[in-house]
Amino acid sequence: MAKKGNPAESRTRSSISIFVVLSLCCFFYILGAWQRSGFGKGDSIAIEVTKQTDCSILSNLNFETHNGDEAGTIGNQFEPCDAHYIDYTPCQDQDRAMTFPRENMNYRERHCPPEEEKLRCLIPAPKGYATPFPWPKSRDYVPFANAPYKNLTVEKAVQNWIQYEGNVFRFPGGGTQFPHGADAYIDELASVIPMENGMVRTALDTGCGVASWGAYLFKKNVIAMSFAPRDSHVAQVQFALERGVPAVIGVLGTIKLPYPSGAFDMAHCSRCLIPWGANDGMYMMEVDRVLRPGGYWVLSGPPISWSINYRAWQRPKEDLQEEQRKIEEIARLLCWEKKYEKGEIAIWRKSVNYDSCSEQDLHVPFCQATNVNDVWYKQMEACITPYPKTTEPDDVAGGKWKPFSERLNAVPFSISRGSIPGVSVETFQEDDRLWKKHVKAYKRTNKIIDSGRYRNIMDMNAGLGSFAAALESPKLWVMNVMPTIAEKDTLGVIFERGLIGIYHDWCEAFSSYPRTYDLVHANGVFSLYKNSCSAEDILLEMDRILRPEGAVIFRDQIDVLMKVKKIVGGMRWNTKLVDHEDGPLVSEKILFAVKQYWVVGENNSTTSQ
């Protein structure tokens with residue numbers, strides 16, 4: 001029989017063991033700090049030691065699609081919302097919209113709920129919800145259960161928009177203006193607009209339908225920001241995002257579009273039903289504001305070539321003639337040059353600078369705003385946004401165009417000329433290097449970031465767009481969000497790099513449907529908003545737009561992340577907290593999270609099991 005050990009001896013051995021472990025941890029921390037300082041020469045040895053010595057108590061986190069069971073710190077438990085909230089869009093709620101005026105589409109704009117009406121529950125996924133197909137298959141097929149609405153299969157049956165086949169929707173690539181396919185339509189545009197050489201990279205699609213134009217533009221390495229209202233078509237923007245195409249709920253109404261001036265290389269309207277000649281040309285002037293000097297505007301469908309098409313459109317030719325006359329007149333006032341008109345397609349080009357616009361009517365009002373990018377909830381105006389200043393007659397206002405992907409990593413013109421306070425060429429280059437390093441470290445924890453598993457990615461606090469630049473791949477796209485309370489507005493820089501983004505205030509819901517993003521990146525978001533609104537509300541909104549089994553990467557100070565970790569512990573998220581890639585002595589940490597799979601009607605607790 002074994003002898004009973006001496007309790008005193010056991011305690012002594014235990015104390016010695018703990019002391020030895022702590023001493024080793026401290027030694028390797030010091031060794032790491034020493035070798036990072038530049039004096040240490042044993043980098044390869046230190047790396048191997050770090051691999052073999054894990055002082056962390058955190059478990060591994062599985063990012064593959066699964067029904068995982070990693071435990072997390074538990075905060076308040078959030079219950080599922082009622083089933084009728086499955087597709088809830090807080091700031092574009094249909095019932096609330098009907099209480100606002102219909103004039104100029106005001107009722108289709110953002111109208112967010114007051115504090116007392118905000119939901120504080122988890123939006124459920126519909127029964128049968130499935131992970132979307134990988135790109136490019138997702139362009140053509142969407143699981144029926146993810147957006148179970150057949151309206152468009154009936155309304156647009158003859159226009160080749162969408163077809164219902166078994167348990168999937170199929171998108172043949174057609175549209176109202178391109179029933180023979182988007183490829184042929186885009187090729188016709190590309191005969192005039194320089195898409196093939198990468199000079200045109202960013203596009204705005206107004207009234208996008210199911211975004212087939214944007215979906216097929218990826219073949220030309222052009223990325224489109226598509227928008228459409230939440231209206232009788234129910235789910236057109238939802239379909240776009242399920243297909244893996246950038247889109248937001250939006251409308252040309254009474255407030256300015258949430259994009260900086262001079263952002264897009266091209267804008268497009270394909271029978272988008274926007275009254276371009278109305279309100280003294282205000283909508284065309286808003287397109288002019290967001291269009292780069294030298295950018296292109298495409299209008300296809302009524303009233304273009306009205307004299308040939310008025311019978312097919314079943315509209316009085318006098319009305320169509322007057323509509324096109326107004327559009328042509330406003331285009332002249334804006335100093336746009338018509339480059340093409342054939343069939344039902346017309347293409348204009350904006351002047352490259354003000355000097356080349358000598359024939360512009362001097363009586364046209366110029367906008368008086370001191371900050372042309374101050375657009376959040378600002379009223380749209382019937383005025384012309386001034387061009388950036390130039391010094392030579394041949395200069396391109398806002399900088400000479402560069403092809404993509406050269407412009408992705410080149411120093412943006414606005415930075416090289418010192419137009420962004422506090423951002424120099426050196427700080428831009430350092431930011432770019434830093435985010436390449438951060439993303440490399442992210443991939444060591446989440447090894448499927450660039451595998452194609454995550455198509456729709458959001459950066460909630462995008463800065464200079466370097467996170468998106470580091471991830472750039474045909475497999476994915478990034479919605480770069482510029483918080484309206486950010487110290488520096490650098491969204492224009494992001495567009496200069498050939499990326500896309502949008503202004504947003506995270507105290508409100510984002511203009512998207514539930515379950516539309518695969519991966520969300522939140523760098524410093526909760527420190528930024530700590531005095532503005534509730535972290536709980538922001539996290540509930542993140543949960544709303546995140547797909548089941550989607551991932552989140554939080555980057556913030558340790559005290560902030562511990563609060564976040566506690567809250568999401570009651571939201572059916574699994575989490576893993578890791579050190580900064582430069583080691584445990586850095587106070588900034590990274591919290592990885594994965595949203596669990598669950599659907600409406602399930603009775604399992606909101607607590608991570």
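This is a predicted model: local features need pLDDT of at least 70, side-chain atom pairs count only at pLDDT 80 or more; totals for chains, interfaces and linings use all residues.
## Buried cysteines and model basis

Cysteine 208 is buried, since its relative accessible area of 9% falls under the 20% limit.

## Disulfide between cysteine 81 and cysteine 121

The disulfide count for the structure is five. One of these bonds joins cysteine 81 to cysteine 121, with an S to S distance of 2.0 Å. The torsion about this S-S bond is about 105°, so the disulfide is right-handed. The bond links distant parts of the chain, 40 residues apart: cysteine 81 lies in the loop between helix 2 (43-52) and helix 3 (94-97), whereas cysteine 121 lies in the loop between helix 3 and helix 4 (137-140).

## Disulfide between cysteine 367 and cysteine 383

A disulfide is also formed by cysteine 367 and cysteine 383, whose sulfur atoms are 2.0 Å apart. With 100° about the S-S bond, this link is right-handed. Cysteine 367 and cysteine 383 are 16 residues apart, and each is in the loop between strand 10 (345-350) and helix 12 (406-409).

Cysteine 367 has a relative accessibility of 14% and therefore counts as buried. Cysteine 383 is likewise buried, with a relative accessible area of 5%.

## Disulfide between cysteine 507 and cysteine 533

The sulfur atoms of cysteine 507 and cysteine 533 are 2.2 Å apart and form a disulfide. Here the torsion about the S-S bond is about -90°, so the link is left-handed. Cysteine 507 belongs to the loop between strand 13 and strand 14 (517-523), and cysteine 533 to the loop between helix 17 (525-528) and helix 18 (535-545); the pair connects distant parts of the chain, 26 residues apart.

A search of the whole structure identifies five cavities of 30 Å³ or more. The largest cavity holds about 280 Å³ of space. Its lining consists of 22 residues, and those nearest its centre are Arg110, Ile249, Gly250, Pro258 and Ser511. Strand 6 (247-249) and strand 13 (500-504) are the elements that give two or more residues to this lining.

Strand 13 provides the largest share of the lining, three residues. By class, the lining of the largest cavity comprises 14 nonpolar, four polar and four charged residues.

Key
Residues are numbered from 1 along each chain as its sequence is written. Side-chain values use heavy atoms; hydrogens and water are left out. On a 1 Å grid over the protein atoms alone, a cavity is a set of points where a 1.4 Å probe fits but cannot get out, and a pocket is an open set with protein on both sides within 12 Å along at least five of seven lines; lining residues have an atom within 4 Å of a point. Grid points are joined across faces, edges and corners, and a volume is the space filled by probe spheres set on the points. Helices (H or I, at least four residues) and strands (E, at least two) are DSSP runs, numbered from the N terminus. Ala, Val, Leu, Ile, Met, Phe, Trp, Tyr, Cys and Pro count as nonpolar, Asp, Glu, Lys and Arg as charged, and the others, Gly among them, as polar. A disulfide is a pair of cysteine sulfur atoms within 2.5 Å. Buried means under 20% relative accessible area, exposed over 50%, partly exposed in between (1.4 Å probe, protein chains only).
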